[in-house]
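Good morning, and thank you for coming. Please look at the model on the screen, and I shall guide you through a few of its parts.

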Amino acid sequence: MIGHYAVFPLSHFRKFMFPPARCGKPRANIRAFFLQCVCRQDFMASGKAHHATGFAAGIIAAALVSGTGGNHLACGLAMVAAIAGATAPDWLEVAWWSRARRLWITHRTLTHWGVGWAAMLAVSWHFLGRGGDYGAGAAFAFGFACGGLIHLLADWPNPLGVPWIHARHSLNLWTSGHCDLIVVGASWIAAFFVADDIWFHHAYGHMLMNALRTLHA
Ligand SMILES: [Zn+2]
């Protein structure tokens, strides 16, 4: 079921930017909209988990961008974009420009489409490392796509699943929000290895292995 907000008309954008008095102030709209995102936890990995994995996605994106020769600005952009992208599939569904802030599209459909996020990742990766405006734009898009994909991975295990290609698929491992620690832990372990590989040339990984060996000895 796609609501009548399926097409994004300019009037809705205008209403959000210049809301009539009864809609309250834009800032109040934004706050209510974010509260709604965080509170709608019954069908998604919890908001907290998406935020925590978002920071891990930010580190991964920044490290990969710096690995392609991106400067500090590009890395920073990738990080910020990844944090925003990690919650994007859910907040992109909310008609924040409307008063009721209902979903304008069925939950976990187009905004959770794996192919779309993967395509964004591939295209931005292609343009990374070209410097200048290309570099900054590509770094932002790359970070956003990293965040979006990590969001889909976090949603995947719960029963509603994720439409990677066409129909939704679920790993059916747990009910959303119940095993957040596993999702968050896995994303941070990935962030540790990517950052250690690119920035520290496995220095911390070797330290960790040595520490584990000493424990076993
Ligand atoms: Zn989601």
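I begin with helix H8, where Val183, Val184, Ser187 and Ala191 are buried. Here a residue is called buried if 20 or more other C-beta atoms lie within 10 Å of its own, exposed if 12 or fewer, and partly exposed in between, with the C-beta atoms placed from the backbone. Helices (H or I, at least four residues) and strands (E, at least two) are DSSP runs, numbered from the N terminus.

An α-helix has 3.6 residues a turn, so residues three or four places apart point the same way. On the face of H8 turned away from the buried side, one finds the exposed residues Leu181 and Ile189.

H8 covers residues 180–200, which makes 21 residues, and spans 28 Å from its first C-alpha to its last, close to the 30 Å expected at 1.5 Å a residue. The expected span is 1.5 Å times one less than the number of residues.

Before going further, I must state what kind of model this is. It is a predicted model: local features need pLDDT of at least 70, side-chain atom pairs count only at pLDDT 80 or more, and totals for chains, interfaces and linings use all residues. Residues are numbered from 1 along each chain as its sequence is written. The pLDDT is the predictor's confidence in each residue, from 0 to 100.

The mean pLDDT of the chain is 79, and 75% of its residues reach 70 or more. Confidence is lowest in helix H1 (residues 10–17), with a mean of 45, and highest in helix H4 (residues 72–85), with 94. Over residues 1–24 the pLDDT is below 50, and this stretch has 26 contacts in the model beyond near neighbours in sequence. Two residues are in contact if their C-beta atoms, placed from the backbone, lie within 7 Å. Residues 35–44 also stay under 50 in pLDDT, and the model gives them 18 contacts beyond four places in sequence. Where pLDDT is low, the predicted coordinates should not be read in detail.

Let us now consider the chain as a whole. There are 9 helices and 0 strands. Of the 217 residues, 31% count as buried. Among contacts between residues at least 6 apart in sequence, 70% join residues at least 24 apart.

Which residues touch the most other members of the largest nonpolar core? They are Ala61, Val65, Ala78, Ala82 and Phe142, in a core of 40 residues. A nonpolar core is a set of buried Ala, Val, Leu, Ile, Met, Phe, Trp, Tyr and Cys residues joined through C-beta atoms within 7 Å. Two or more residues each come from helix H3 (47–67), H4, H7 and H8. H7 gives the most, with 12 residues.

Leaving aside neighbours within four places in sequence, Val65 is in contact with Gly70, Ala74, Cys75, Ala78, Leu128, Ala139 and Phe142. Three of those names return in H4, where the buried residues include Ala74, Cys75 and Ala78. H4 has 14 residues and reaches 20 Å from its first C-alpha to its last, close to the 20 Å expected at 1.5 Å a residue.

Cys179 is partly exposed, with 16 other C-beta atoms within 10 Å. From Cys179 to Pro157, 22 residues away in sequence, the C-alpha distance is 9.4 Å.

Most residues other than glycine have a negative phi, and most peptide bonds are trans. His201, however, has a positive phi of about 50° although it is not a glycine. His202, in the loop between H8 and H9, likewise has a positive phi, near 65°. Are these residues buried or exposed? His201 is exposed, with 10 other C-beta atoms within 10 Å, and His202 is partly exposed, with 13.
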